[in-house]
Amino acid sequence: VSDRFFGELPSYPEGSTFLSREELSLAGVHKPIQAGISGSQYEGADSIVLSGGYEDDEDHGEVIVYTGHGGRDTTTGRQISDQVLARGNLALAVSRKLGFPVRVVRGSSHSSPYAPPSGYRYDGLYRVDDHWKERGRAGFLVWRFRLVKLHAELEVAPREPETAGPARRTSSTVSRVIRDTQGTRRIKALYDFRCQICGTRLVGNAGPYAEAAHIKPLGAPHSGPDLLANMLCLCPNHHVLFDYGGIAIADDFSILGEQGVLTVHPEHRIGLEYLRYHRNHYG
Ligand SMILES: [Zn+2]
C-alpha cells in the first residue's frame, strides 16, 4: 500500500522553503532524492522538481512546459536517446487523465526568473493540462507536459483570446476546457452535431451535443489557430481519444488507430499542416 499523498501538505503551504533535496524528501513535499518526478504509472504523479536538469523546460510562472525524464547520459547529463512514456513520464500522463494536482517545487539551479535565490521552494499545485512528444534541442524525442497552476486557472478563465469567446471552465478538477466560440458553434452546425469519425449524434434534453476539437491545440507552446481549418466536430469519446493520442488522422483522412475515414463537409477545408502537427506530437 502506497502512502503517496496528492495535494498540498497542511504543514507546508505554498512558499515553504527547503535547504536541500533531503529536507524536501523528509517533509514529504517531494520524496525522491534524485528523480524530478515523484509518482508511479499506477497512481499518477504527485510532485515534480524544476532544477535546471532539462534545457527544454519552459517556465512561464503559472504555466510550465515540463520535459519528462529518461534518455540522458548519467555523467554528462546530455540527451543521448529518445524518451519513452514510462515511469515518471507515464505517471504525469496518468495525473492528467485523472485530474490529480501536482506539487511544483523550484530549485535555485533552475534557470528561470521564478526560481528561488537558494535551496528549494514549494510553489503550489498545478494540473497536467496536456502531454505530447517532440524533438528536443538535442534531436531526440522528449515528452512534454503542460502544467497550469490550479488557482490561476480560475483567474485566467474569463480572458478572451483574440479570435475566441470566453473559455469556460466548469471547475478546477475538470481537466478539459469546453470553449464556446463562433468557430466552435460553426463547426458543430456544419456537421449538425454529428461526430466526423463515428457519425454519432447525441441529443440530451437541452438539445444536441458535440465537441469542437482543435487539431493543433490552442494553448502555448502549440498556439494553434481558432479557425475552422484547425477544428473537428467530434463526440466526447473521439475527442478524448484524439487529445490523448489514441487516434490520429492521415492526410487522406483515414483514421489511424481505428477503422474508418473522417467525414469531411465540402465547405470544411481542413489544414493538412494541423493534422501533421497532431500526428507528430500525439500520434
Ligand atoms: Zn465519435
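## Helix 2 and its ends

Just after helix 2, Gly99 takes a positive phi of about 75 degrees; helices here are DSSP runs of H or I of at least four residues, strands are runs of E of at least two, and both are numbered from the N terminus. This is a predicted model, in which local features need pLDDT of at least 70 and side-chain atom pairs count only at pLDDT 80 or more, while totals for chains, interfaces and linings use all residues. Residues are numbered from 1 along each chain as its sequence is written, and side-chain values use heavy atoms, with hydrogens and water left out.

The twelve residues of helix 2 (residues 87-98) should span 16 Å at 1.5 Å a residue, and the end C-alpha atoms are 16 Å apart, which agrees; the expected span is 1.5 Å times one less than the number of residues. Arg87, found in helix 2, has a positive phi of about 45 degrees although it is not a glycine, and at 54% relative accessibility Arg87 counts as exposed. Buried residues of helix 2 include Gly88, Leu92 and Arg96, where buried means under 20% relative accessible area, exposed over 50% and partly exposed in between (1.4 Å probe, protein chains only).

## The zinc site

The zinc ion is coordinated by Cys195 (SG), Cys198 (SG), Cys235 (SG) and His238 (ND1), at 2.1 to 2.4 Å; donors are N, O and S atoms within 2.8 Å of the metal (3.2 Å for Na, K and Ca), and because water is not among the atoms, sites may look incomplete. Cys198 lies in the loop between helix 4 (182-190) and strand 11 (202-204), and Cys235 in the loop between strand 14 (231-234) and helix 5 (236-243), so the pair ties together parts that are 37 residues apart in sequence.

Of these two cysteines, Cys198 is partly exposed, at 39% relative accessibility, whereas Cys235 is buried, with a relative accessible area of 8%.

## The loop between strands 13 and 14

Lys216 is placed in the loop between strand 13 (211-214) and strand 14. Lys216 is buried yet has no salt bridge, the nearest side chain of opposite charge being Glu273, 8.2 Å away; a salt bridge is a side-chain nitrogen of Lys or Arg within 4 Å of a carboxyl oxygen of Asp or Glu, and in assigning charge Lys and Arg count as positive and Asp and Glu as negative, with His and the chain ends not counted.

Pro221 also lies in the loop between strand 13 and strand 14, and the peptide bond from Ala220 to Pro221 is cis, with omega near 5 degrees.
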